[in-house]
Amino acid sequence: MSTRTIALDDILYQYLVDVSLREHPAQTGLRAITHDHPYVRMQISPEQGQFMAMLVKLIGARRTLEIGVFTGYSALSVALALPIDGCVVACDINQEYTDIGQPFWEQAGVAHKIDLRIAPAIDTLDTLVAEGQGGQFDFAFIDADKTAYDTYYERCLTLLRPGGLIAIDNVLWGGKVAYAPDEDDTAALQALNRKLHADGRIDLSLVPIGDGLTLARKR
Ligand code: SAM
Ligand code: CA
């Protein structure tokens, strides 16, 4: 027993998956096809997808944002958790990646919920703000270029309703955030983690799932 979060070795991690992972066949299929992609490491873990789906259901989310789609596993996980008229505005710059996920979104019957915007995410978010959609979203997942995370966070805060939830991925950055920064991405994540700690606009929890997932609930 311990007063701190347990570390997971391979055996315990496999146990966790064995006794708790519930995937739609389309999620399993999308993970299998992404497994051979050179950037498979960018995909979130399945238990993180399941955790985010739980959050989306808990807050009764209907309109959501995703910044960083890759082959679409996180978008699929969230879309499956949304009601039939729910929507994920999914932002990415690389259609080659998202084309891999599209057939699996269709297989799961949720393609109609995923509004894919191929453009720099900041442009898509600024368009939504300009359209007067501030306060209209319930949930956002930030998982794209790390040096722009702070900008994405600020736009998402504008676009979310009070009580809405922002989930920010990779905030532990393989452990590198605890040391002197070796690169711009590490420095950006460190600065954002410090900023959020002091940010009175949100309730905060850093969850050690995957590579670290910060939950910021808009007050
Ligand atoms: N959430 C995804 C999943 O579950 O598989 C993983 C996302 S991956 C870590 C990051 C993605 O961000 C890549 O697909 C990349 O093309 C995209 N990206 C990078 N810079 C971007 C930008 N400026 N605007 C939008 N997307 C961007
Ligand atoms: Ca990530």
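The questions and answers below concern the two ligand sites of a predicted model.

In this predicted model, local features need pLDDT of at least 70 and side-chain atom pairs count only at pLDDT 80 or more, whereas totals for chains, interfaces and linings use all residues. Residues are numbered from 1 along each chain as its sequence is written, ligands are numbered from 1 in the order in which they are written, and side-chain values use heavy atoms, with hydrogens and water left out.

Me: Which polar side-chain atom lies 2.8 Å from a nitrogen atom of ligand 1?
Reply: A polar contact is a pair of N or O atoms within 3.5 Å. A backbone N or O atom of Phe 70 lies 3.2 Å from an oxygen atom of ligand 1, and a polar side-chain atom of Tyr 152 lies 3.4 Å from a nitrogen atom of the ligand. The polar side-chain atom at 2.8 Å from a nitrogen atom of ligand 1 belongs to Ser 74.

Me: Why does Asp 169 count as buried?
Reply: Buried means under 20% relative accessible area, exposed over 50% and partly exposed in between, with a 1.4 Å probe and protein chains only. Asn 170 counts as buried at 12% relative accessibility. Asp 169 counts as buried because its relative accessibility is 4%.

Terms used: Polar contact = N/O pair within 3.5 Å; in protein donor to acceptor, adjacent residues only side chain to side chain.
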